[in-house]
Amino acid sequence: MGGSAVDASSSRSRVLVVDDDPELLQFLQDEFSQQGMACSSATCGGDALLKLRQESFDLVVLDWTLPDFDGTEICQRLRSSGDTTPVLMLTAHDDIDDRVQALDLGVDDYLTKPFELKELHARVRARLRRGQFANSERAKDSLSLGDLQIDLIERRVQREDKT
């Protein structure tokens, strides 16, 4: 189904899909898996936040309307904790003020439902490319030797998990 395959460099990208609609959630998981991505899911904000604390993801595809927290609150919590994982808001909220609010609260991209599958795939590929570029740039900002880590930007040295 739709969209071209992701590049080999992003073929093992980890995506977290957060949506309370079980049919859409399954559809998105199947789509991303067919594109070669490792896909996890959450049906509520609490579950999403827990997974984001426990695992590392390359992208979060996030619905605005969830049973416990709204997507903008989840994104705001991520950003306030220093998490820079790219977030693509996939929502039925199509008002310009909603889009501006979400982007101002840390959402990286915004796509309204109903959506075109080709566009969703293109936006996901774009976010993953940007994330890979940021990660490769970040790698240049640090050095490591054995258990010694040196963060050149933060000017911090860490050895055996001690700063």
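Predicted model: local features only at pLDDT ≥ 70, side-chain atom pairs only at ≥ 80, totals over all residues.
A disulfide would be a covalent bond between the sulfur atoms of two cysteines.

Cys-75 has a relative accessible area of 0%, so Cys-75 is buried. Cys-44 has a relative accessibility of 21% and therefore counts as partly exposed; the limit for buried is under 20%.

## Overall architecture

The protein chain holds five helices and eight strands. Read from the N terminus, the order of elements is β-α-β-α-β-α-β-α-β-α-β-β-β.

Of the 163 residues in the protein chain, 39% are buried. The accessible surface amounts to about 9300 Å², and carbon and sulfur atoms account for 48% of that surface. Taking contacts between residues at least 6 apart in sequence, 56% connect residues at least 24 apart.

## Nonpolar cores

In soluble globular proteins, nonpolar side chains tend to be buried together. The largest nonpolar core here consists of 19 residues. Leu-16, Val-18, Val-60, Leu-62, Val-87 and Met-89 have the most contacts inside this core. At least two core residues come from each of the following elements: strand S1 (14-18), helix H2 (45-54), strand S3 (59-62), helix H3 (71-80) and strand S4 (87-91). A further core, apart from the largest one, has 18 residues, including Val-17, Leu-24, Leu-90 and Leu-120.

Met-89 can be followed in detail. Leaving aside residues up to four places away in sequence, Met-89 touches Leu-62, Asp-63, Trp-64, Gly-71 and Thr-72, and also Ala-102, Val-107, Asp-109, Tyr-110 and Leu-111. Among these partners, Leu-62 is also one of the residues with the most contacts inside the largest core.

## The S6-S7-S8 sheet

Strands of a sheet pair through backbone hydrogen bonds, either parallel or antiparallel. Strands S6, S7 and S8 form an open sheet in that order, with antiparallel pairing. Strand S6 (142-145) and strand S8 (156-159) are the edge strands, each pairing on one side only. From one strand to the next, the twist averages 15°.

Strand S7 covers residues 148-151 and is joined to S6 by four bridges, the two running antiparallel. Within this part of the sheet, Ser-142 stands opposite Asp-151 of S7.

Technical notes. Residues numbered from 1 in each chain as written. Heavy atoms only, no water. Core = buried A, V, L, I, M, F, W, Y, C linked by side-chain atoms within 4.5 Å. Buried < 20%, exposed > 50% of the residue type's maximum accessible area, 1.4 Å probe, protein only. Contact = heavy atoms within 4.5 Å. Areas by Shrake-Rupley, 256 points an atom, 1.4 Å probe, with all protein chains shown as cover. Pairing = 2+ DSSP bridges. Axes fitted to C-alpha atoms, helices over the stretch in contact; angles between N-to-C directions.
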